[in-house]
Amino acid sequence: MKKCSFARRWKERVQARTFFNKLDSKLKEEGMSWSECLSVCTDGAGAMLGKKKGLRARVQQVAPHVCFTHCIIHREALACKSLSAELKHVLDTAVKIVNYIKSRPLNTRLFATLCNEMGAEHQGLLLHTEVRWLSRGNVLSRLCELREEVRIFLADQRSPLAEHLSDPDWVARLVYLSSVFGKLNGLNMSLQGENTSILTLNDKVQAFVRKLERWRERAEAGHMDMFTELDDFIEENALSVNIVRASVADHLQSLVDHFKKYFPEETAPERHDWIRSPFTAKTNHLTSDFEDALIELSSDRTLRALFDAKSLDEFWISVRKEYPQLSAAALNTLMPFGSTYLCEKTFSALTYIKNKHRSRLNVEDDLRIAVSKIKPRLDLLCSVHIAHPSH
């Protein structure tokens, strides 16, 4: 079985037909066919999932068995965008403060000098980029760390933005946003990586939703210890928790609602337990043949030791010959991509490679080395070239 992931990242606006033709030609070029494709993971755009003219419709015309999934990391990023008008104003103002310093080279240099003189850990702020998943959390975290230096700099510049950093209520909301987006960034990072499965990614999201619900309950009760920076700020400045309690509780409830919208709870999540734990899971929803095969497998003590030493997909691949039905069913669940992480990783590598120091760029070879785990045999490559010591 093969699996393919395809993301919508083209400069020009193209039609679904173009997407399909590009993908189809690439599969043929690699000697693959649509019958080998199990699923396609996309960013959920209309051009991808349209039932009549989208990529999904065209793929399922030639391969009806192919299922389409919406990237879990992309859904997490969409769920995080929920902000009340009050908190959105804080975020927008924070971005204005950052832009005031970062968009002017002179201000950037003067601010770096001030940070150096005050012994700050960092000497600059970070620009906010909407399309980058971790941008908001990183930008707000850096601004919070340097908020005293920023306040002094803005006051010296006689900028009205300095008033916000002198307002404890506003700063408290800024610190909260920094804390909660830091936790959201932690979830995002945990969803990234290779060889992940939809099962494990969904488990991480559902665990985070349960934590959000607990945080909301504690916020409503006036406890902010789950956000260490906010709790410390309130204590250090002798503030009342009531200044942020309603805003925090409402935002956490909004996050819960949006996460449940993009990640609806499964009606029977236990139906995949036999894949995760074939030696201990209780099953009452499988067919008789599957039940018999699972009993045989779970009674094999040698396979039990093998299960503990391998990842889920490796284990089910290793028992394919002995238990073909169980293996096929398990792999049909484990093999589909849960995210477009590999595509995003490749685009990030391309952004790094394509820099201003290159006069021209034939990116194919460089990109292959950047994303491949195979280390080039430099000694062999050098041995076929003649050295010119005179140069």
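L312 is partly exposed, with a relative accessible area of 24%; partly exposed denotes the range between buried, under 20% relative accessible area, and exposed, over 50%, as computed with a 1.4 Å probe on protein chains only. The structure is a predicted model, in which local features need pLDDT of at least 70 and side-chain atom pairs count only at pLDDT 80 or more, while totals for chains, interfaces and linings use all residues. Residues are numbered from 1 along each chain as its sequence is written, and side-chain values use heavy atoms, with hydrogens and water left out.

L312 belongs to helix α17, which covers residues 312-318. Helices here are DSSP runs of H or I with at least four residues, strands are runs of E with at least two, and both are numbered from the N terminus. Leaving aside residues up to four places away in sequence, L312 touches I275, R276, F307 and L334, where contact means heavy atoms within 4.5 Å. The C-alpha atoms of L312 and K88 are separated by 42 Å, and these two residues are 224 residues apart along the chain.

N332 lies in helix α18, residues 324-334, and is partly exposed at a relative accessible area of 38%.

The chain contains 21 helices and three strands, and its C-alpha trace spans about 75 × 75 × 45 Å along the principal axes. Of the 391 residues in the chain, 40% are buried. Among contacts between residues at least 6 apart in sequence, 68% join residues at least 24 apart.

Helix α10 (residues 168-191) and helix α13 (residues 242-262) pack at an angle of about 25 degrees, and their axes are 10 Å apart. Axes are lines fitted to C-alpha atoms, for helices over the stretch in contact, and angles run from 0 to 180 degrees between N-to-C directions. The angle therefore makes α10 roughly parallel to α13; the class of roughly parallel takes angles under 35 degrees, roughly antiparallel those over 145, roughly perpendicular those from 65 to 115, and oblique the rest. The crossing of α10 past α13 is right-handed. A crossing is called right-handed if the near helix is turned clockwise from the far one by less than a right angle, and left-handed if anticlockwise. On the α10 side, the contact involves D169, A172, R173, Y176, V180, L184 and L187, which meet I243, V244, S247, V248, H251, L252, L255 and F259 of α13. By class, the residues of this contact are eleven nonpolar, two polar and two charged. Nonpolar covers Ala, Val, Leu, Ile, Met, Phe, Trp, Tyr, Cys and Pro, charged covers Asp, Glu, Lys and Arg, and the others, Gly among them, count as polar.

In the second pair, helix α5 (residues 85-102) packs with helix α7 (residues 135-145) at an angle of about 70 degrees, with axes 11 Å apart. At that angle α5 is roughly perpendicular to α7, and their crossing is left-handed. L91, A94, I97 and V98 of α5 make the contact with R136, V139, L140 and L143 of α7. Seven nonpolar residues, no polar residues and one charged residue form the contact of α5 with α7.

The loops hold two residues with a particular backbone angle. R158, in the loop between α8 (147-156) and α9 (162-165), has phi near 55 degrees, a positive value in a residue other than glycine. R158 is exposed, at 77% relative accessibility. N195, in the loop between α10 and α11 (198-220), also has a positive phi, near 55 degrees, and is not a glycine. N195 is exposed as well, with a relative accessible area of 68%.

The cysteines complete the description. A disulfide is a pair of cysteine sulfur atoms within 2.5 Å, and by this rule the count is zero. C115 is in no disulfide, and the nearest cysteine sulfur, that of C144, is 14 Å away. C115 is buried, with a relative accessible area of 0%. C144 is likewise in no disulfide, its nearest cysteine sulfur being that of C115 at 14 Å, and C144 is buried with a relative accessible area of 10%.
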